[in-house]
Amino acid sequence: MKRTGAEIILDSLVAHGVHTVFGYPGGACLPLYDALYHYQDRINHILVRHEQGAAFAADGYARASGDVGVCIATSGPGVTNLVTGIAGAHMDSVPVVALTGQVPRNLLGTDGFQETDATGVMLPITKHNWLVMNAEELPRVMEEAFYIANTGRKGPVQVDVPKDVYLEEVEFDDFPPPNIPGYNPDEGMQPDPTLVRAAAEVIHGSEKPIILAGHGIHYSNAYDELLAFAEKANIPVITTLHGVSSFPESHELSFGMVGMHGNLYANWAVDRADLLISLGMRFDDRVTGRLEDFATEARIIHVDIDPAEIGKNVTTDVGIVADLKPTIRALIDEIDQLDHSPWVKQICQWREEHPSLAIRETDIVLPQWVIRQIYHITNGEAVVVTDVGQAQMWAAQHFWYDRRNTFFSSGGLGAMGYAFPAAIGVKYARPNEQVWSIIGDGGFQMTLQDLAVVKEHNVDIKIAIINNNHLGMIRQWQTLFYDSRFISARLENPDFVKLAEAYGLTGLRATSKKEVLKVLKEAAKIPGPVVLDLVVDEVEKVYPMVPAGSSLAETIEGDEVEEARYA
Amino acid sequence: MRHVIIADVEDHPGVLNRIASLFRKRAYNIESLAVGHSHRPGISRMTIVVAEDHKEAIQVTKQLDKLIEVVSVTDVTEQRHVSREMALAKIAAPEMKRTEILQLANVYRAQVVDVSPGSIILEITGDEDKIDSFVEIIRPYGILELSRTGEVAMVRGRAMPTPTMVAEEGPAA
């Protein structure tokens, strides 16, 4: 039958079960929107107020649902506004399909109105992208786009379509199965049994092993396997930032997060381990600290779906390129029931001596305490979305994640402004869950225009602004490493309550601990979006901390200023 | 050290851009890159020479392999292989020097491909060493222009393993 390019694209979305997309129209993609007019019963289009929000929302949707997130933007400024969100999805391996409009074919390369070399701009920050020069290619390209985005090491892809290609009518029957000679993600899925045996042997020879669980546990849905493996082998589990919520934090083998703001005892455990079993993580510099001094005593077993990650940053003893789920299963079968209780006890003792997550008793509204109250008021059942900086770290540290895949954050790119639009995407993916966007006063102001979106669609998310009137992490670094020469760290903020009200939303402010408890309870009861201006202490720092360029062994718990303040 | 990498890639517009972008992004040192059609329709073969140590060369190979349009990648440095480069050199050749230059060309089995008043163009093929050495020998006569293709390489003996899937379609528009 005859179909236009735009119709083929929308048929593809429907075929892939996409029911919510986030986008912003413009001249070059108007034909796509015109076609969307007739698909409104099947595809819900959420009009964001800036394309960056569309990319973030699609990212959040993808992470929370396990499906592909879809965002739409027009040519030129539409595409360039998507860039930050797509770069973030690329860094964090999030499956997103970005549909972008392009100037008509006859204007390509002429510096036409709203023309950008969109595939050129996106090339280094997508897993793959296409400029589709005729509608006949669209069935193949769309099929490949979803396939590439959501297989192997996942990632964002872009389909750039000139305006007249959306309108071009071609004969269309069906979507062909993907046939890409250079891309065979399935071949790496099952682990090599020889390597699994080798890994088991190394595990049997270890006295002080640590499991480092990363983002891959979520993508591979390997939660049961991780739990069973840790229990059978009796090995402590420490997570990366993206590994948070992959292993129940109330479990006796859980020791929280590693890295720049990891728990002291977790960092020490990694530093002194004789074996790291690294599952779906990539030894990011925020995880390892100074690389030369990272886990110098440890042998390393590294399992990852991406062969290029094996040996990229650290030298591996056993590298397994495979899907985590079957690999951990195979490991469970291969290992004996083990007992590492002396090692576990040792880490517990460090934890008793250096309880990194203890919160000081004080009347000051400490941000850590606020996060803990959100945990209590939601019975630990909230899904937490953060962007980057102090609020991100406190949310990772002080909310205890027992439920799977309930923490989402801009980890690799560290994009401010992620937490709010991403939370919108998360809510669309998980409408029945309590979604809390925990965000700094700086980050919130990067993408707050989407308040209009949550109002329009009554998207029930709670936006908890951890408001210290500062770019807190900037202030922290200027304090510690730039002799307290504060520049561009203090924020002259708007009245966030009035701002919420201007958008027709409920805004609640708290400036004391009592008020914090009151407004959190109130917000939790309101069946709709709420903006919470939680005014917290201005100078509180995130600890523990591995100063930039230091090793995990050099993790510091606090500083003299801090000590003096509470003395 | 030098690593010689052979990559078979889909013959699509933009492939070269992706590879160049990868090298730029990860700051790999590229010495030469030669590309042309391979024996398979729709597949081009690239020979890439990088100046990187062994660990980096492994990363280069893996990162190249991750590109969707790269069908296969092999680092042939440690394998028995032949490599050839071609160069065209335009040399200042006043009549009195011409015989001398031609004699040198003969030693290197370089071909004369153009003779003009005052200059000649020589074509030489060989491995990198041979061409380097020829260029140095001929330099005192005055090289007016030099154009080198970069190395192309091939493993000796058996055919390189090829993926089972082959592009059904020809090059895209």
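**Strand S20 of chain A and the two-chain predicted model**

A:Val530, A:Leu532 and A:Leu534 point one way from S20(A), whereas A:Val531, A:Asp533 and A:Val535 point the other way, and all are buried. A residue is called buried if 20 or more other C-beta atoms lie within 10 Å of its own, exposed if 12 or fewer do, and partly exposed in between, with C-beta atoms placed from the backbone. Helices (H or I, at least four residues) and strands (E, at least two) are DSSP runs numbered from the N terminus. In a regular strand the side chains alternate between the two faces of the sheet. Strand S20 covers residues 530-535 of chain A; 6 of its 6 residues are buried, so it is largely enclosed by the rest of the structure.

The model is predicted: local features need pLDDT of at least 70, side-chain atom pairs count only at pLDDT 80 or more, and totals for chains, interfaces and linings use all residues. Residues are numbered from 1 along each chain as its sequence is written, while chains are lettered from A and ligands numbered from 1 in the order in which they are written. The model has an ipTM of 0.89 and a pTM of 0.94.

S20(A) has two parallel partners in the lines of pairing described here. Strands pair if DSSP finds at least two bridges between them. With strand S18 (residues 461-467) of chain A, S20(A) pairs in the parallel sense over 6 bridges. Here A:Asn467 stands opposite A:Val535. With strand S19 (residues 506-510) of chain A, the parallel pairing runs over 5 bridges. A:Leu534 in S20(A) is the bridge partner of A:Ala510. S19(A), helix H22 (residues 513-525) of chain A and S20(A) form a right-handed β-α-β unit. A crossover is right-handed if, with the strands pointing away from the viewer, the path from the first strand over the helix to the second runs clockwise.

Helix H15 of chain A packs against S20(A), among other elements. Of the 11 residues of H15 (residues 367-377), 8 are buried, so the helix is largely enclosed by the rest of the structure. The buried residues are A:Pro367, A:Gln368, A:Trp369, A:Val370, A:Ile371, A:Gln373, A:Ile374 and A:Ile377. They pack against helix H16 (390-398), strand S17 (435-440), S18, H22 and S20 of chain A. Just after H15(A), A:Asn379 takes a positive phi of about 55°.

Chain A is assigned three domains: domain 1 (2-180), domain 2 (188-353) and domain 3 (367-542). Such bounds come from an automatic or database domain assignment. The C-alpha centres of domains 2 and 3 of chain A lie 30 Å apart. Between these two, 11 residues of domain 2 are in contact with 14 residues of domain 3. Contact requires C-beta atoms, placed from the backbone, within 7 Å. The domain 2 side comprises 5 nonpolar, 5 polar and 1 charged residues. Ala, Val, Leu, Ile, Met, Phe, Trp, Tyr, Cys and Pro count as nonpolar, Asp, Glu, Lys and Arg as charged, and the others, Gly among them, as polar.

Chain B contains 4 helices and 9 strands. Along the sequence they follow the pattern β-α-β-β-α-β-β-α-β-β-α-β-β. The C-alpha trace of chain B spans about 60 × 35 × 35 Å along its principal axes. Of its 173 residues, 27% count as buried. Among contacts in chain B between residues at least 6 apart in sequence, 74% join residues at least 24 apart. Mean pLDDT, the predictor's confidence in each residue from 0 to 100, is 90 for chain B, and 91% of its residues reach 70 or more. Over residues 163-173 of chain B, pLDDT stays under 50, and the model has 22 contacts beyond four places in sequence for them.

The assignment for chain B gives domain 1 (2-79) and domain 2 (82-152). Their C-alpha centres are 29 Å apart. Here 6 residues of domain 1 are in contact with 5 residues of domain 2. On the domain 1 side, strands S2 (30-37) and S3 (43-51) of chain B give two or more residues each. S2(B) gives the most, with 3 residues. This side has 4 nonpolar, 2 polar and no charged residues.

The contact between the chains takes 20 residues from chain B and 15 from chain A. On the chain B side, helix H1 (15-25), helix H2 (54-66) and strand S4 (70-75) give two or more residues each. H2(B) has the largest share, 5 residues. By class, this side has 9 nonpolar, 4 polar and 7 charged residues.
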